[in-house]
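The following exercises are to be worked with the sequence and the coordinates at hand. Each task is followed by a solution in steps.

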Amino acid sequence: MGPSHALSGAAVWLTGSWALDYFADYHQSPLALAVGTAVCAGGALFPDLDLSGKVTRNQGGATVARTFGVFSLFVAEVMEKISLGVYYATKLSRDPRRNNGHRTLTHTIPFTVLVGWGTTALCAAYGKWAVVSILFFMIGLALRGLFDEWAERAGWVIVTLVSAAAAWFTFANLPGDRGYPMIGLAVGVGCFVHILGDMITKAGVPILWPIPIKRRMWTMIGLPNSIALRTGSKAEVVVLRTALTVLSVLAAVGLVAPSVLQRFNIEV
Ligand SMILES: [Zn+2]
């Protein structure tokens with residue numbers, strides 16, 4: 001599921017940027033676009049950083065939890081335990097017992113808003129170092145998601161080094177004024193896209209939390225099994241990923257083509 005989540009994040013960011021450019025005359029530089037797309041793709045994997053494994057034995061966890069080796073596996077362990085803690089702290093009488101926090105707190109709207117706002121606040125407060133760190137983290141997740149087979153073969157050390165280099169290059173070349181709020185927005189949008197993706201493919205996501213419904217705080221909302229996309233089916237995965245890729249490419253071409261044509265003095 002990793003590549004589909006990452007691709008949907010990239011597709012949504014590119015399509016949204018194209019719409020802003022076309023309808024609202026809001027232009028972004030190619031680098032700002034690339035950063036937003038990578039961060040949104042990474043953000044679209046972030047909620048699954050709540051699937052813990054066996055840190056001491058370096059086993060298990062979601063693919064995304066293994067991006068930075070045992071370090072991200074440890075972060076996932078902590079996120080899972082915090083999520084489970086919040087689940088029990090807010091559960092009502094009809095919410096079932098759980099022994100794992102996966103797909104709870106990190107799959108809610110308040111979490112999405114908090115992550116987006118927190119990212120923006122960090123960038124505003126700590127400037128340069130916060131931006132580099134967040135870019136590093138999100139680019140790592142995006143690499144892991146978009147190029148899963150390569151990442152698997154290369155191993156987490158290479159993924160970490162490539163992320164660090166990409167983050168540094170971006171920071172050195174990105175103008176400071178408009179770059180920071182877009183990073184927070186891209187992370188938040190990515191998280192939200194992930195939740196929607198889980199809603200159409202999985203048994204359910206507590207997207208209404210913390211609204212209590214019939215003595216349940218954690219009502220799982222999703223498509224019924226009969227019409228939900230079965231992620232195991234190869235054909236569906238191929239169709240979905242092709243569609244998302246085509247959408248991304250079209251949006252990217254639509255965004256970049258006018259300025260390229262302009263450079264060669266071609267009237268459109
Ligand atoms: Zn998920």
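**Exercise 1: The setting of His194**

His194 counts as buried, at 0% relative accessibility; buried means under 20% relative accessible area, exposed over 50% and partly exposed in between, with a 1.4 Å probe and protein chains only. The model is a predicted one, in which local features need pLDDT of at least 70 and side-chain atom pairs count only at pLDDT 80 or more, while totals for chains, interfaces and linings use all residues. Residues are numbered from 1 along each chain as its sequence is written, and side-chain values use heavy atoms, with hydrogens and water left out.

Task: State in which helix His194 is found and with which residues His194 is in contact, leaving aside neighbours within four places in sequence.

Solution.
- Step 1. His194 belongs to helix α8; helices (H or I, at least four residues) and strands (E, at least two) are DSSP runs, numbered from the N terminus.
- Step 2. The contacts (heavy atoms within 4.5 Å) of His194 beyond those neighbours are His5, Ala44, Leu45, Pro47, Asp48 and His107.

**Exercise 2: The zinc site**

Task: Identify the residues that coordinate the zinc ion and classify the geometry of its site.

Solution.
- Step 1. Donors are N, O and S atoms within 2.8 Å of the metal (3.2 Å for Na, K and Ca); water is not among the atoms, so sites may look incomplete.
- Step 2. Asp48 (OD), His107 (NE2), His194 (NE2) and Asp198 (OD) coordinate the zinc ion at 2.0 to 2.3 Å.
- Step 3. Along the chain, the spacing of these donors is D-x58-H-x86-H-x3-D. His107 lies in the loop between α3 (70-90) and α4 (109-126) and His194 in helix α8 (residues 176-201), so the pair ties together parts that are 87 residues apart in sequence.
- Step 4. The angles among the four donor atoms run from 89 to 168°, and the site is irregular. Four donors count as tetrahedral if all angles lie between 85 and 135 degrees; four count as square planar and six as octahedral if opposite donors are over 155 degrees apart and all others between 65 and 115; anything else is irregular.

**Exercise 3: Cysteines**

Task: Determine how many disulfides the whole structure holds.

Solution.
- Step 1. A disulfide is a pair of cysteine sulfur atoms within 2.5 Å, and the search finds zero.
- Step 2. Cys40 is in no disulfide, the nearest cysteine sulfur being that of Cys191 at 8.9 Å.
- Step 3. Cys40 is buried, with a relative accessible area of 0%; Cys191 is also buried, at 0%.
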